[in-house]
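Colleague: I have a few questions about the fold and the surface. Can you take me through them?

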Amino acid sequence: MSLKNIKPDQIKELFARNIPFVDVRAPVEFHQGSLPGAVNMPIMNDEERASVGSTYKREGQEAAVKLGHELVSGAVKEERVEAWKAFFEQHPQAILYCFRGGKRSQITQQWLREAGLSVPLITGGYKAVRSYLMKQIEEFSVRHEMIALSGPTGSGKTHLLHRLRDQYPVIDLEHLARHRGSAFGAMDLEQPTQIDYENQLARELMLLEDKIVGGIKPVVEDESRLIGRIYQPATFFIRLRASSVVWIDEPMHVRVENVFGDYVLQTPIGLSVQSLPRCQEEEDILRSEAVQVFEKYRRSVMTIHRKLGGLRCQEVIADLDRAQQDYLNHQELSSNKVWIEKLLSYYYDPLYLGSLERRQVNILFKGNLADAEKYLLELVGK
């Protein structure tokens, strides 16, 4: 691989080696979308970039380049070069890029060379790699059939994906989208931008191809087009929806326990009643966070009140209120199972079963979580 001429089609090798990238675009560009594994170390900040852009429109390229050199000179230039130098000395295999692989990355490369470092850049920059990544999603979706891991809410689909990860090619869309895919699915972490999600998905698909051998089909959780505010790329989603299904079929009490574990025990609601020694200040913080979780769940119920129905919505909200009082007054959590079961029965099950019926899916296997895991592992001879 050339140190000075990294082509977009070499990106898979860089991903496989976990090579870091230095994005020298302005922060506003970086936050809209960047390469997986990139850090933002801009040659110009947002204000400087805006000034240069305005000058370019008014006076042309020569004046804009001149202003850029004036803005990033002296102590400002020295500080940025030292920061780049420190990073590349710590990560000697890192690659730099700007938007088109033009002025900004070339100037960065030149300044680093003057400081004694030879650093490669990506030809065509972020724009070329972004186009290449989107092409990879399209081509993967055409080349490869998938198995959709399906089942009603609480059946344990995500847990099974995690258990299979080291033995079977899987794609965890909820992990990439940082959302569990339902009205209650928002995680503590903010969701990525649509562009960053697509870039991460492309990376996952490219790296997954080496594991797809002998007719093995990757397993993907059966998601809707929208995960939180993230949309699945059209071709990928069409392929996913056309996939044959492994259906996890667990009884209601098991599903309630699964949801209770994920949405109560693993939140401040559950953590605050565990018998761990804490000071009073820590206890107060956890209880305050627990109340916020209850409030978030009430808001989530209200977002689905039209489909849930007015009376049922009031019923579930009342159950949530009782669960919160049981928690605050008695450190009791089991009453949360009441509203969980009602939501599964009233809302999620009709929604899920109706969707499957409309799609007329081809079911490869239907059984409980343990049997579904056994079936999938048998496909890869494990």
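Colleague: In which sense do β4 and strand β6 pair, and over how many bridges?
Modeller: This is a predicted model. β4 covers residues 147-150, and β6 covers residues 219-221. Their pairing is parallel, and the bridges number three.

Colleague: Which residue in β6 is the bridge partner of Ala 148?
Modeller: Take the β4 residues in turn. Leu 149 has Glu 221 as its bridge partner in β6. For Ala 148, the partner in β6 is Val 220.

Colleague: Which residue in β9 does Ser 150 stand opposite?
Modeller: Strand β9 spans residues 244-248. β4 pairs with β9 in the parallel sense, over four bridges. Opposite Ser 150 stands Trp 247.

Colleague: Which strands are at the edges of the open sheet?
Modeller: Five strands make up the sheet, with parallel pairing. Their order is β5-β6-β4-β9-β10. An edge strand pairs on one side only, and that holds for β5 (170-171) and β10 (363-367).

Colleague: Are the residues on the two faces of β4 buried or exposed?
Modeller: Ile 147 and Leu 149 point to one side. Ala 148 and Ser 150 are on the other. Both faces are covered, and these four residues are all buried.

Colleague: Why does Glu 79 count as exposed?
Modeller: Glu 79 lies in helix α5, residues 74-90. With Glu 78, Glu 82 and Glu 89, Glu 79 forms a negative surface patch. Exposed means over 50% relative accessible area. Glu 79 counts as exposed because its relative accessibility is 60%.

Technical notes. Residues numbered from 1 in each chain as written. Predicted model: local features only at pLDDT ≥ 70, side-chain atom pairs only at ≥ 80, totals over all residues. Heavy atoms only, no water. Buried < 20%, exposed > 50% of the residue type's maximum accessible area, 1.4 Å probe, protein only. Pairing = 2+ DSSP bridges. Patch = residues over 30% accessible without salt bridge, like charges linked within 9 Å, V, L, I, M, F, W, Y side chains within 5 Å. Areas by Shrake-Rupley, 256 points an atom, 1.4 Å probe, with all protein chains shown as cover. Salt bridge = Lys/Arg side-chain N within 4 Å of Asp/Glu carboxyl O. Lys, Arg positive; Asp, Glu negative; His and termini not counted. Charge placed at Lys NZ, Arg CZ, Asp CG, Glu CD.
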